[in-house]
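Please read them beside the sequence and the coordinates.

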Amino acid sequence: MTRLKSLARGYVWWQGIDGQIEEMVRNCRCCQSTRAEPVKASTRCWQQPVRPFERIHVDFAGPFMQSYFIELVDAYTKWPVVKILNNITTATTIQICRENFATYGIPSVLVSDHGVQFTSEAFQDFLRKNGIFHKMGAPYHPSTNDLAERFIGSFKAKLKSLKYDKAMLQVELCNVLLTYRNTFHPATGQSPAMMVYNRPLWSRLDLMIPNPETVRKNVT
């Protein structure tokens with residue numbers, strides 16, 4: 001609700017906007033049926049990273065609509081990366097991590113659970129060669145990888161609230177990521193896009209704001 005109000009106020013405003021958005025969310029059947037249970041007491045406090053993509057949290061989700069997902073979330077910027085997978089083998093996990101590191105840089109720390117993909121010798125060798133310290137959460141306590149777990153919960157709730165078939169899964173995933181990356185995050189006070197690029201990502205919502213250059217050309 002807080003993020004939706006922040007996103008809306010970035011483009012439009014009218015008297016009573018906050019109250020109307022709150023009422024809309026409270027009356028949204030999809031939102032209420034997929035919302036997470038109240039968060040229990042935190043089991044671990046991570047040290048705050050000092051730079052973007054210094055510590056990455058990674059986890060899997062699925063199967064959902066006959067697909068698996070791998071999520072990588074940056075602890076500093078809260079920037080999420082999600083890929084749709086046909087399998088969750090060690091080789092696939094290494095490939096996705098390699099692509100992510102090539103885009104955002106090699107992290108100092110990678111946090112995961114005790115899945116066999118992460119504990120395998122091949123994955124451990126991949127981390128050693130890249131100088132990455134591997135931190136695994138306590139067994140049977142997924143909340144120790146809380147950053148990835150929270151995003152997975154939010155991500156799955158969004159997908160479940162949407163009505164579409166598997167053919168549209170990639171399209172909807174892109175829409176979810178664009179919205180999440182552009183939305184205010186309470187932990188940082190900024191959107192992930194602002195934390196990474198120091199600017200919001202251009203979206204269809206920006207079409208509501210007149211472009212001065214376009215207006216000037218139409219007038220002349």
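How many helices and strands are there in the protein chain?

1. The protein chain has ten helices and five strands, where helices (H or I, at least four residues) and strands (E, at least two) are DSSP runs numbered from the N terminus. This is a predicted model, in which local features need pLDDT of at least 70 and side-chain atom pairs count only at pLDDT 80 or more, whereas totals for chains, interfaces and linings use all residues. Residues are numbered from 1 along each chain as its sequence is written, and side-chain values use heavy atoms, with hydrogens and water left out.

2. Of the 220 residues in the protein chain, 37% are buried (under 20% relative accessible area; exposed is over 50% and partly exposed in between, with a 1.4 Å probe and protein chains only). Among contacts (heavy atoms within 4.5 Å) between residues at least 6 apart in sequence, 58% join residues at least 24 apart.

3. The largest nonpolar core has 21 residues, of which I70, L72, C97, L110, F123 and F126 touch the most other members; such a core is a set of buried Ala, Val, Leu, Ile, Met, Phe, Trp, Tyr and Cys residues joined through side-chain atoms within 4.5 Å. At least two residues of this core come from each of β1 (55-64), β2 (67-74), β3 (80-85), α4 (90-104) and α6 (121-129), and the largest share, four residues, is that of α4. A second, separate core of nine residues includes V73, V82, L169 and L173.

4. Helices α4 and α6 pack with their axes 9 Å apart, at an angle of about 20 degrees (axes are lines fitted to C-alpha atoms, for helices over the stretch in contact, and angles run from 0 to 180 degrees between N-to-C directions). That makes α4 roughly parallel to α6, given that angles under 35 degrees count as roughly parallel, over 145 as roughly antiparallel, 65 to 115 as roughly perpendicular and the rest as oblique. The contact is made by T90, T93, I94, C97, R98 and F101 of α4 and by A122, F123 and F126 of α6. Leaving aside neighbours within four places in sequence, F123 is in contact with T90, T93, I94, C97, L110, Q117 and F118.

5. The axes of α1 (residues 2-9) and α2 (residues 17-26) come within 10 Å and cross at roughly 135 degrees, and the two helices are therefore oblique to each other. L4, K5, A8 and R9 of α1 meet I17, D18, I21, E22, M24 and V25 of α2 in this contact.

6. Two residues other than glycine deserve a check of their backbone, F53 having a positive phi near 60 degrees and N198 likewise having a positive phi near 60 degrees.

7. Q190 is placed in the loop between α8 (169-182) and α9 (192-197), and is partly exposed, with a relative accessible area of 33%. Not counting residues up to four places away in sequence, Q190 touches T183, F184, H185 and M195. The C-alpha atoms of Q190 and S6 are separated by 10.0 Å, although these residues are 184 residues apart along the chain.
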